[in-house]
Amino acid sequence: MKHTLQMLVMLAALAFFSCTGHKDLPAADYHIVPLPHSIQTEKGAPFILHSSTQIGYPTGNEKLRQTAGLLADYIQKATGIQVSVTEGTTGSGKISLILEKTPGDSPEGYLLKIDHENITLKAGSEAGIFYGIQTLRKSLPEENEGKIRLPAATIKDEPRFTYRGMHLDVGRHFFTTDFIKEYIDLIALHNLNVFHWHLTDDQGWRIEIKKYPRLTGIGSKRKESLLNDGSGRSDGKPYGGFYTQEEVRDIIEYASQRHVTVIPEIDLPGHITAALAAYPELGCTGGPYEVATTYGVHKDVLCIGNAESLEFARNVLSEIIDLFPSPYIHVGGDECPRDRWETCPKCQRLIREMHWKDSDGHKAEDRLQSYFMNEITKFVQDKGRKVIGWDEVVDEGLSPDVTVMAWRGTDKGVKAAEAGHDVIMTPAGITYFSDRKLNELGGDRGVRRVYGFKVVPDSLSPDAARHIKGIQACLWTEGITTREQAERLILPRLAAVSELGWADPGQHDFEAFMERLYRLIPLYDKSHYPYSRHVFQITEKYRADTTKGKLEVSLSTIGDRPVYYTLDGSQPTTKSLRYTQPFSIDRSCRLKAAVITDKDTSVVFEEQINVNKATFKPSRLADAPHPDYTFDGVTTLTDGMYGNTNYNTGRWLGFLKDMDLTIDLKTPTPVSTVSVRVNVSKGAAVMDATGLEVQCSDDGKNFRKLASESYRILNKQDKDGIYTHRLSFPETRTRFIRVIAKVTPKLPAWHTWPGDPAFLFVDEVSVE
């Protein structure tokens with residue numbers, strides 16, 4: 001008895017010293033990206049991860065053996081600790097992967113329990129296990145001493161959406177299979193589950209189709225590529241590449257091990273020039289055609305009046321369906337001009353035979369696309385698969401069984417959901433990562449723009465809201481030629497998409513997310529993933545105080561590093577003012593700020609504040625801006641700051657109706673000039689004002705006109721950029737100024753989307 005008592009005392013002492021000895025070890029942090037649904041810390045000693053730790057998987061389960069191997073590899077790369085993989089899940093000191101039904105509705109959910117003896121990861125599917133190991137992987141600390149402390153906790157988790165995707169266009173630029181696999185690794189790291197592979201376009205056909213060998217023999221090669229310097233010149237160098245079906249199978253298997261579904265896209269019936277170069281008989285003119293060397297929308301498309309075109313599409317999709325096991329097949333359906341169909345004898349004959357007429361705002365030629373897409377949809381569905389198309393398919397009247405990718409704005413997604421279509425939200429102004437301007441908004445704005453996106457708009461009814469199946473980001477490669485460029489454009493914004501797709505909206509908190517993102521960055525570094533460093537620059541926030549007539553300025557950085565600033569235009573140093581709290585500006589000045597530490601100095605942030613008689617004054621709009629371009633609201637128009645040519649920075653408000661702004665100057669004030677700055681980006685349907693009118697009033701109710709001017713609708717040759725419109729008039733003493741800038745009523749005939757609404761973007765209204 002005495003011997004037993006002595007042993008118990010010794011064991012207790014050993015346990016005590018063991019626990020106290022571990023408290024200084026680097027610790028895991030389960031607050032990761034995306035944030036798990038529930039993290040409950042527990043009392044008790046932590047689990048200690050070290051080289052003797054084993055990862056156990058269920059006996060005979062090959063899929064989970066691979067998953068256990070991935071976890072061991074993740075741990076080794078993140079920490080340098082080499083753990084072993086064993087068959088069987090019993091015993092202590094293990095990370096046990098167990099297939100078992102857990103609470104929750106999602107097959108991708110999991111239950112993770114950590115105590116001093118074991119880490120137990122349970123899920124009802126292999127996918128759930130995989131997402132649980134991602135949580136373990138991302139919770140590991142940056143530094144370790146050969147051992148890591150994982151605090152006792154219970155984590156219950158499952159995703160918000162069933163579809164969480166990332167797209168890659170390889171039609172414009174071809175990427176190696178090694179890069180495709182790395183891209184899939186990035187998708188998996190961020191808890192996404194779909195790789196949307198855009199395999200064909202005007203500039204190149206990238207997948208082997210055995211029935212049509214010239215698609216890759218001719219269609220995968222173009223004679224040259226546009227330079228990315230904005231000159232419009234070409235490099236004069238032949239360019240090409242494609243994936244064999246064997247390479248595709250290998251990539252699909254690689255993705256499957258990471259629970260990523262590969263969805264192929266074959267764009268039809270437009271964006272098809274590369275295929276026409278190989279098989280010119282499929283076009284309306286018969287060619288000759290060449291693989292496109294320029295970007296944009298091309299007029300040569302499949303000839304719908306030619307029965308061989310439909311046969312070609314079916315044969316191609318038949319091989320695609322045999323090759324890809326994905327439940328979805330993407331068939332494009334976007335940006336298909338009708339020009340060739342209007343003059344094609346075969347297409348016009350089919351129109352006559354089908355008795356199609358212009359009606360309900362649709363031309364008879366529009367029925368050609370509807371007919372073709374419906375036939376393709378039936379073919380794919382008869383093969384047991386579902387169809388995805390870009391949001392133009394809603395206009396074509398396709399079956400509600402077709403899933404819609406809403407790329408032209410959230411309103412297109414709303415329209416599709418209300419019509420009964422399942423919808424994937426991927427609005428170009430938010431989730432198109434190929435736009436460098438969205439990546440370079442300054443500070444955390446690029447990430448914030450994505451994180452602030454509401455995937456399910458409030459305007460949807462509960463029934464329609466159920467049709468929103470998820471979110472996807474897209475990377476189009478017109479201006480991207482290297483791995484480094486591609487990854488720098490998607491990282492770290494992909495982390496924001498990850499959280500939108502996984503975490504519940506009630507958990508969304510941008511400031512907390514940025515802290516978690518800061519801890520994710522070292523994992524990017526260890527994996528040698530290039531990423532945009534704009535997020536490390538200073539983020540400025542302004543609030544126009546119309547009561548005090550001042551601009552309140554806040555400055556921040558990821559990681560809470562020290563910021564120094566000046567207001568006289570001089571370069572900041574450690575002897576300059578150190579930012580500690582928001583400050584106010586009430587005069588014209590040039591603000592400069594920089595992060596300065598022993599380790600690094602940020603790019604100097606600069607802002608010119610221009611104060612005029614309207615600046616910081618109360619104002620109101622007769623009609624609200626478009627919900628995607630409201631930003632800080634009406635005060636944006638009189639905050640004394642100009643935007644650059646990027647209309648997504650938050651400095652520009654976007655209108656589909658006339659901008660009708662009333663400014664209260666507070667006291668009767670002499671005025672003689674009003675100016676308005678407009679941003680023009682014609683290709684994005686952002687046009688100039690077509691008129692400007694200025695009115696005045698003493699009471700804010702009864703107005704009289706001071707001046708007005710009309711402007712022509714822009715031509716295709718007019719340049720993009722910032723246009724300033726100024727109206728001068730005899731000096732008038734007034735309290736209220738009303739400024740009306742008129743939108744272009746509809747996009748002109750030369751535009752890609754003739755007849756559609758046109759945007760008007762305004763950043764500042766000045767009064768002198």
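Is K742 buried, exposed or partly exposed?

What we have here is a predicted model, where local features need pLDDT of at least 70, side-chain atom pairs count only at pLDDT 80 or more, and totals for chains, interfaces and linings use all residues. Residues are numbered from 1 along each chain as its sequence is written, and side-chain values use heavy atoms, with hydrogens and water left out.

Okay, back to K742. It counts as partly exposed, at 35% relative accessibility. For the cut-offs, buried is under 20% relative accessible area, exposed is over 50%, and partly exposed is in between, with a 1.4 Å probe and protein chains only. K742 sits in strand β34, residues 721–742. Strands here are DSSP runs of E, at least two residues, and helices are runs of H or I, at least four, all numbered from the N terminus. Beyond the neighbours within four places in sequence, K742 is in contact with D658, D688, A689, T690, G691 and L760, contact being heavy atoms within 4.5 Å. And have a look at L692: it is 50 residues from K742 along the chain, yet their C-alpha atoms are separated by 6.3 Å.

Now for E540, over in strand β22, residues 539–545. This one counts as buried, at 6% relative accessibility. Its side chain makes a polar contact with the side chain of R651, at 3.3 Å. By polar contact I mean a pair of N or O atoms within 3.5 Å; within protein, one must be able to donate a hydrogen and the other to accept it, and residues adjacent in sequence count only if both atoms are side-chain atoms. Leaving out residues up to four places away in sequence, E540 also touches R445, S554, L555, F605 and E607, among others.

β22 belongs to an open sheet of three strands, in the order β22-β23-β26, with antiparallel pairing. Two strands pair if DSSP finds at least two bridges between them. The edges are β22 and β26 (583–585), each pairing on one side only. From one strand to the next, the twist averages 30°; axes are lines fitted to C-alpha atoms, for helices over the stretch in contact, and angles run from 0 to 180 degrees between N-to-C directions. Three bridges link β23 (residues 550–556) with β26, and E552 stands opposite S584 in β26.

There's another open sheet, with seven strands: β1-β9-β6-β7-β5-β3-β4, in mixed pairing. β1 (38–41) and β4 (84–87) are its edge strands. β3, residues 54–57, runs parallel to β4, and four bridges join them; Y57 has E87 as its bridge partner. Helix α2, residues 62–79, lies across β3, β4 and β5 (94–99), at about 160° to β3.

What about nonpolar cores? Those are sets of buried Ala, Val, Leu, Ile, Met, Phe, Trp, Tyr and Cys residues joined through side-chain atoms within 4.5 Å. The largest has 158 residues, and I180, W197 and W205 have the most contacts inside it. Apart from it lies another core of 49 residues, including I263 and L621.
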